[in-house]
Amino acid sequence: MNTDNISLHCHLWYPEESKFLLDRLSTVFTDIINISFNKNGKHNEEIRDYAQSKFQTVNTVLVENMGNDQRGFYESQSMNEEDGKDWILYTHDKQFKDRDWVCDLVDPLLTEEAINLTNEDNNVGMIISKKRELGLVTEQDLILGKNSTPTPFEDKKATAYSLHTLGWLRILQYNLYDNYGFINKENLDVSFAAGTMFMTRKQVVDVAHGCVHVNYFDEGYMPDGKVEHAMERFYAYVSKCLEYETRSI
């Protein structure tokens with residue numbers, strides 16, 4: 001498989017799960033890997049050394065522990081941009097309990113079908129896992145609940161966090177309009193990979209990151225409600241605004 005046009009970026013934190021992910025990636029990629037680490041990561045050197053045993057070149061960047069993996073991706077792409085690479089494969093580690101989720105997200109991106117799409121299909125802008133594919137929902141859908149059934153009381157707080165995510169998405173959408181002239185807010189018929197691992201054109205990442213400011217990222221982790229959770233949806237939205245298709249495999 002010809003992977004010469006694909007740049008590989010990862011954000012890593014957990015030592016064993018990082019090695020698990022690196023093992024999978026190195027079955028297809030062996031040349032260059034770009035890794036972002038949190039500055040306070042206790043296992044950064046261990047993970048870097050392991051990556052060096054798998055890849056010819058390992059580029060690293062240290063970032064503040066803010067914005068989960070997305071702050072890392074934002075900085076890694078800015079600091080370690082590779083010339084001549086039209087596509088980016090982005091992945092990150094997760095906790096052991098989410099290992100099946102990692103496999104579902106990453107394995108389809110390492111197939112011959114996915115790699116060939118990056119070389120042969122000019123209409124495709126993103127490639128994602130079919131197993132973890134989700135569609136966007138609107139504020140009204142969240143508030144009214146599925147099939148207009150009111151959200152149960154115990155789920156109201158989660159709904160509020162999801163609305164916060166959509167609020168950030170709206171900000172990014174209008175930033176996209178201000179910066180590039182694209183807006184398609186009412187057409188939310190886009191699919192994205194829940195978990196923010198994907199193959200995408202570098203153009204999509206460049207435009208998406210051009211709408212984000214480092215001060216958007218907050219310290220600490222929340223399952224939903226932060227700008228990084230809007231980002232996983234925003235990449236797919238940008239791809240559609242650029243008139244590309246998202247292919248799930």
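In strand E8 (198–201), Thr200 is the bridge partner of Met126. That pair is a handy way into this predicted model, in which local features need pLDDT of at least 70, side-chain atom pairs count only at pLDDT 80 or more, and totals for chains, interfaces and linings use all residues. Residues are numbered from 1 along each chain as its sequence is written, and side-chain values use heavy atoms, with hydrogens and water left out. Helices (H or I, at least four residues) and strands (E, at least two) are DSSP runs, numbered from the N terminus.

Met126 has a bridge partner in E9 too, namely Thr246. Next along, Ile127 has Arg247 as its bridge partner in E9. In total, four bridges join E5 to E9, and these two strands run parallel. E5 and E8, on the other hand, are joined by two bridges and run antiparallel. Two strands count as paired if DSSP finds at least two bridges between them. As for E5 itself, five of its five residues are buried, so the strand is largely enclosed by the rest of the structure. Buried here means under 20% relative accessible area, exposed means over 50%, and partly exposed is in between (1.4 Å probe, protein chains only).

Zooming out, these strands belong to an open sheet of seven, in the order E3-E2-E1-E4-E8-E5-E9, with mixed pairing. Strand E3 (57–63) and E9 sit at the edges with a single partner strand each, so one side of each has no neighbour in the sheet. On average, neighbouring strands of the sheet are turned by 20° against each other, direction ignored. Axes are lines fitted to C-alpha atoms, for helices over the stretch in contact, and angles run from 0 to 180 degrees between N-to-C directions.

Helix H1 (residues 15–25) lies across E1, strand E2 (32–38) and E4, and runs at about 150° to E4. Helix H8 (residues 202–209) lies across E4, E5 and E8, running at about 85° to E8. Then there is helix H5 (residues 112–120), where Ala114, Ile115, Leu117 and Thr118 are buried. These four cover an arc of only 155° around the axis, which puts them on the same side of H5; the arc is that of the directions from the helix axis to the C-beta atoms. An α-helix has 3.6 residues a turn, so residues three or four places apart point the same way. On the other side of H5, Glu112 and Glu120 are exposed. The cover over the buried residues of H5 includes strands E1 (6–11), E4 (87–92), E5 (124–128), E8 and E9 (245–248), with contact meaning heavy atoms within 4.5 Å.

The largest nonpolar core has 67 residues, and those touching the most other members are Leu25, Phe29, Ile33, Leu89, Ile127, Met199 and Phe234. Such a core is a set of buried Ala, Val, Leu, Ile, Met, Phe, Trp, Tyr and Cys residues joined through side-chain atoms within 4.5 Å. Helix H9 (residues 227–241) gives the most to this core, with nine residues. Leaving aside neighbours within four places in sequence, the contacts of Ile33 include Leu8, Cys10, Leu22, Leu25 and Phe55.

A few individual residues deserve a look. Asp31 is in the loop between H1 and E2, and is partly exposed, with a relative accessible area of 37%. Not counting residues up to four places away in sequence, Asp31 touches Phe55, Gln56 and Thr57. The C-alpha atoms of Asp31 and Lys54 are 8.7 Å apart, although 23 residues separate the two along the chain. Asn68, in helix H3 (residues 68–79), has a positive phi of about 50° although it is not a glycine. Glu243, also not a glycine, has a positive phi of about 70°. Glu243 is found in the loop between H9 and E9, where it is exposed with a relative accessible area of 73%.

As for the whole protein, its secondary structure comes to nine helices and nine strands. The radius of gyration is 18 Å, close to the 18 Å that the globule rule gives for 249 residues, so the protein is as compact as a globular protein of that length. This radius is taken over C-alpha atoms, and the globule rule is 2.2 Å times the number of residues to the power 0.38. Buried residues make up 54% of the 249. Among contacts between residues at least 6 apart in sequence, 82% join residues at least 24 apart.
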